[in-house]
Amino acid sequence: MMSSVKVECVVKESALIGEGPLWEESEQTLLFVDISGQKIHRWSPSTNQIQSLETGDTVGFVVPRRSGGYVAGVGRSIVAVNWSTQMVTSLVQVDEDKKNNRLNDGKVDPIGRLLAGTMGKEGRPAEVQRQQGSLFSVISNLSVTKNLSQVDISNGLDWSLDQKTFFYIDSLSLTVDAFDYDSTSGHIGNRRVVYRMEEGEGLPDGMTVDADGRLWVACYDGGRVINIDPVTGVRLQTVSLPVMKTTSCCFGGPDYSDLYVTSASLGLDQSGRRQQPLAGGTFKVTGLGVKGRPSNSFSG
């Protein structure tokens, strides 16, 4: 790791499973969720204040909505979130035949289509009934398309700069994959492996793409974020964090040069908590010398 890189814990409030960080440019705030804590958080770096909304069920992701407010994945429902009234309204359900599933990671593509995946509910962290999950896309009229089935843990997702490649993580496969992507139709195909996790790197979890088109992947049980060139499949850099259960990452800040990283505390015993007092915190990494891109808003 370059000597200029600095890692600091900016949100010390411990999440059970902090996830899905997203920089909201209009508010200059960081959105993220606590899946098992059943909360959406909004943190302001300028005031260091955190606002929270209780979702009443597990919440896998939250994204801005073009018509105002947010859209989130709560339980098996895609919901509308009105932050000012603290109201959560169900829009559409997925996996209606799999009552033990829940939504996990979700993200919006450059034209406003939401992609979101499911997984079986965990007995213990990262222990799930295999191949119960799917990957769905949702368009503005709330029609739902199933893109993939037999997924273990649907996780990180993002797009190449030219929008022609969709990057995707099914965590238990221990790979970061790529698909050809048709942004007009939302069709994905030609799946291939971009990167295979190495011994000690943990499980690939949440992911973001920087302004140079490179991938940044949070490594659950690996205590790091790795930077990958998706063209060559080479790991370019490793950023170590003081917690093992790193879950996801995004770029933010006024010029998108800060990398925010979420983490989890669920599953740590007393010894683990003593060794990792910042587990469940949210971290800011500076000095990487790269920038991210603004996030997209759901068109529905």
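Tutor: Let us begin with the word pocket. On a 1 Å grid over the protein atoms alone, a pocket is an open set of points with protein on both sides within 12 Å along at least five of seven lines, whereas a cavity is a set of points where a 1.4 Å probe fits but cannot get out; lining residues have an atom within 4 Å of a point. The model is predicted, so local features need pLDDT of at least 70 and side-chain atom pairs count only at pLDDT 80 or more, while totals for chains, interfaces and linings use all residues. Residues are numbered from 1 along each chain as its sequence is written, and side-chain values use heavy atoms, without hydrogens and water.

Student: What makes residues part of the lining of the second largest pocket, and which lie nearest its centre?

Tutor: Each has an atom within 4 Å of a point of the pocket. The second largest pocket has 15 such residues, and nearest its centre lie Ser160, Phe167, Gly213, Pro230 and Val231. Three lining residues come from β17, the largest share.

Student: How is the lining of the second largest pocket divided by class?

Tutor: Ala, Val, Leu, Ile, Met, Phe, Trp, Tyr, Cys and Pro count as nonpolar, Asp, Glu, Lys and Arg as charged, and the others, Gly among them, as polar. On that basis the lining has seven nonpolar, three polar and five charged residues.

Student: What volume does the largest cavity have, and what does volume mean here?

Tutor: Grid points are joined across faces, edges and corners, and a volume is the space filled by probe spheres set on the points. For the largest cavity this is about 190 Å³. Its lining has 18 residues, and the closest to its centre are Glu122, Ile153, Asn155, Asp205 and Tyr220. The largest pocket has about 350 Å³.

Student: Why are β15 and β16 said to pair?

Tutor: Two strands pair if DSSP finds at least two bridges between them. β15 and β16 (residues 175–181) have six bridges, in the antiparallel sense, so they pair.

How values were computed. Helix = DSSP H or I, 4+ residues; strand = E, 2+ residues; numbered from the N terminus.
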